[in-house]
Amino acid sequence: MAGFLDGRGEGSQVRGRGEGHTEVVVVGAGPNGLAAAVTCARAGLQVTVLEAQPDAGGGARTLDLGLAPGVVHDVCSAVQAMAWASPFFRGFDLAARGVELLTPEVSYAQPLPGGRSGLAYRDLDRTVEALGEDGPAWRALVGRLSEHWPHVVRLALGDKRSVPPGLLPGGVPTAAAFGLAVLEQGTRAWDRRFSGDLAPALLTGVAAHASTPLPSLAAAGTALLLASLAHAGSGWSIPRGGSRAITDALRADLEAHGGQVLTDHPVRTAADLPGAHAYLFDTTPRTVVEVLGDELPARARRALSAFRYGDGASKVDFVLSGPVPWTDPEVALAGTVHLGGTRREMADAEAQVARGQHPERPMTLLSDPAVVDETRVVDGLRPLWTYAHVPAGSDVDVTEAVTAHVERYAPGFRDLVVASRCVPAARMSGHNANYVGGDIASGAVTMWQMVARPTPRLDPYAVGLDGVYLCSASTPPGPGVHGLGGWFAARRALRDVFGITQAPDLHP
């Protein structure tokens, strides 16, 4: 990396482009960036995090949008299905740091026309009973994975380049079951297991988190991981006070160990970076190419530039004067609701988006945090969080489409809306540069890009320059508030740059 970072390891001579000097620079203060920073600071290194936005947190921020006094909204991620199960956060121990993960009675719900609903209760037995004739099939598919969720997590949330520690030998049967289930639910064979429409719709709503045409292997893997976690541990939990509780805890630990976060500090070129021994980018590959430019070897630059981004999401935040009046009152117990109708309706809507069209009823994800967190209700007003799937780069205001979609399953919803705000997909990158064209997964969720994310390199976090790493959701294991991209990349930097081979203790 001649002219940018000369030498590596402690005591090496560093010649940065910008002013100042530190041992580690992290670009981006999202959950992965903060996880990387905490890991390095815990190893005794001097760490500086540079964040373009005025607030740290990236996809896990909770802000007052000015829609109603005192009512705060989660800017991106609201429901934390993976935070409690993540090996990084299990070591970090969120509970010991005062982060309270609240568990709804129903992890997620899937309303259907006619007042019926698929309901994924936290209790697996109750879910099986509610699904009727398809209950045993749900238990055989999801229940088995939920029972052995640690192995599912090791497999699905690994670096995709090595055998996850702890998987062998006991996890082989679970890994095989997971793989067969992905093949079944990720192909046209997905309808063979179920005889009714509730169970397939319930699983497809989770698969739609992948924002990709259905069925697909990548979406099936997403669905089976998340569905299994819904019946285990803390389920699909909601942090008390909003997702910022998690990133606030990360930042506090970083600062307690001598690190610092500099907000309002965009990094556009290498001149914006202080000198350092190691650089970790919690950004997309596109940003790495833009910042480092010709410093990158041509082959590495081509590989990173070829990274594909996915379909978009438009965000609609509401302020309501009361709970959503669901036709099926059991839906009101859910922290997350998937609005898309039947399996076929959801597949058709996602196919339209992939063709660049706006469905009349776009696949919509909804969360009402006040279902479990009474602190989110201020003077009788409560936030409602929604995302609608749209073509990448769409500038369409989908407020009416989302409102009508909720009204389909909750007549009278419209009358409760006090205020709303839409951020079209084309403007999503304005509050998080990683959301290219509204792609909140920071990269297309295809089977190839989940395995070979961001490039097919043996080390997925290396970008082709010594001492420089990518640690965002564009790296394995992919999107989600789990901190693992940052943790995996930081451990490589500790080993390769600083000669630190033992992972630092993360406990308080």
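Buried, in this talk, means under 20% relative accessible area; exposed means over 50%, and partly exposed lies in between, with a 1.4 Å probe and protein chains only. By that rule, buried residues make up 61% of the 508 residues in the chain.

A word on the source. This is a predicted model, where local features need pLDDT of at least 70, side-chain atom pairs count only at pLDDT 80 or more, and totals for chains, interfaces and linings use all residues. Residues are numbered from 1 along each chain as its sequence is written, and side-chain values use heavy atoms, with hydrogens and water left out.

Overall build next. The chain holds 15 helices and 16 strands. These are DSSP runs, numbered from the N terminus: helices are H or I with at least four residues, strands are E with at least two. The C-alpha atoms fill a box of roughly 70 × 55 × 45 Å along the principal axes.

How does the radius of gyration fit a compact globule? For 508 residues, such a globule would come out near 23 Å; the chain has 22 Å, which agrees. The radius is taken over C-alpha atoms, and the globule rule is 2.2 Å times the number of residues to the power 0.38.

Now contacts, meaning heavy atoms within 4.5 Å. Take those between residues at least 6 apart in sequence: 75% join residues at least 24 apart.

The chain exposes about 18200 Å², and carbon and sulfur atoms supply 51% of that. Charges: 43 positive and 52 negative side chains, with the centres of the two sets 6 Å apart. Lys and Arg count as positive, Asp and Glu as negative; His and the chain ends are not counted.

Then the backbone. Which residues does a cis peptide bond join? Proline 169 sits in the loop between helix 5 (149-156) and helix 6 (172-185). Leucine 214 and proline 215 are also joined by a cis bond, with omega about 0°. Proline 215 is in the loop between helix 7 (198-207) and helix 8 (217-230).

Why point these out? Most peptide bonds are trans, and most residues other than glycine have a negative phi.

Aspartate 379 has a positive phi, near 50°. Its loop runs between strand 13 (364-367) and strand 14 (382-390). Aspartate 379 is exposed, at 75% relative accessible area.

Serine 442 also has a positive phi, near 55°. Find it in the loop between strand 15 (417-423) and helix 14 (447-451). Buried or exposed? Serine 442 is buried, at 2% relative accessibility.

How values were computed: Accessible areas come from the Shrake-Rupley method with a 1.4 Å probe; for residues, only the protein chains shown count as cover. The place of a charge is taken as NZ of Lys, CZ of Arg, CG of Asp or CD of Glu.
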